[in-house]
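Here is a short briefing on one protein chain. Look over the sequence and the structure first, then read the points below.

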Amino acid sequence: MNSWLLGQAIVIAIIVVVLCWLLLKQRSTGNEQLTILQQQLEQNSLQLTNAQSETEELRAGIIGVGQRVLTLDQRVLSLENELQNLQNAYNELAEQQQALSLTDPESKIYTRAMKMVQLGADLEEIMRECELPRAEAELLFNLHQAKS
């Protein structure tokens with residue numbers, strides 16, 4: 001019976017050694033997996049930091065572009081106002097010029113002579129109707145006949 005107990009003790013010892021070896025092997029595999037997971041976590045953390053940095057750079061760039069757009073928008077409004085002021089000044093000057101040309105008697109004569117040329121009057125008719133000297137009538141006739 002002693003040998004039987006001894007055989008069982010050896011079998012139990014072998015089983016205990018095998019179980020210990022399996023536990024150690026599983027533990028070392030778990031440690032390897034833990035190390036791999038820690039490395040992946042560090043890589044992911046680094047990628048997150050890089051992504052946050054890039055996002056911050058993009059945000060700063062977008063803010064800069066937005067400020068530039070606001071500046072340009074204000075400049076456009078300023079230029080539109082300036083253009084409107086220039087247009088108003090031009091219209092006022094055109095009205096003043098028109099008023100002056102209507103009140104100036106000589107201007108009326110020349111305006112009438114130009115209209116006559118445009119309507120096809122000949123040189124003699126322009127001289128007679130507008131009481132212009134031949135040189136002035138020829139000048140008006142030649143200038144405005146070329147435009148027609």
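**Surface and overall form**

The accessible surface of the protein comes to about 12800 Å². Carbon and sulfur atoms hold 61% of that area. Keep in mind that this is a predicted model.

**Fold**
- Four helices and zero strands make up the elements of the protein.
- Read from the N terminus, their order is α-α-α-α.
- The radius of gyration is 52 Å, well over the 15 Å that the globule rule gives for 148 residues, so the protein is more spread out than a compact globule.
- The C-alpha trace spans about 160 × 30 × 20 Å along its principal axes.

**Burial and contacts**
- Of the 148 residues, 9% count as buried.
- Take the contacts with a separation of 6 or more: 23% of them come from residues 24 or more positions apart.

**Charge**
- The side chains include 11 positive and 19 negative ones.
- The centres of these two sets lie 7 Å apart.

**A residue to look at: Glu 131**
- Where does Glu 131 lie? It sits in the loop between helix H3 (123-130) and helix H4 (134-147).
- Most residues other than glycine have a negative phi.
- Glu 131 has a positive phi, near 55°, and is not a glycine.
- Is Glu 131 buried or exposed? Its relative accessibility is 71%, and the cut-off for exposed is over 50%. Glu 131 therefore counts as exposed.

Technical notes:
Residues are numbered from 1 along each chain as its sequence is written. This is a predicted model: local features need pLDDT of at least 70, side-chain atom pairs count only at pLDDT 80 or more; totals for chains, interfaces and linings use all residues. Side-chain values use heavy atoms; hydrogens and water are left out. Helices (H or I, at least four residues) and strands (E, at least two) are DSSP runs, numbered from the N terminus. Buried means under 20% relative accessible area, exposed over 50%, partly exposed in between (1.4 Å probe, protein chains only). The radius of gyration is taken over C-alpha atoms; the globule rule is 2.2 Å times the number of residues to the power 0.38. Contact means heavy atoms within 4.5 Å. Accessible areas come from the Shrake-Rupley method with a 1.4 Å probe; for residues, only the protein chains shown count as cover. Lys and Arg count as positive and Asp and Glu as negative; His and the chain ends are not counted. The place of a charge is taken as NZ of Lys, CZ of Arg, CG of Asp or CD of Glu.
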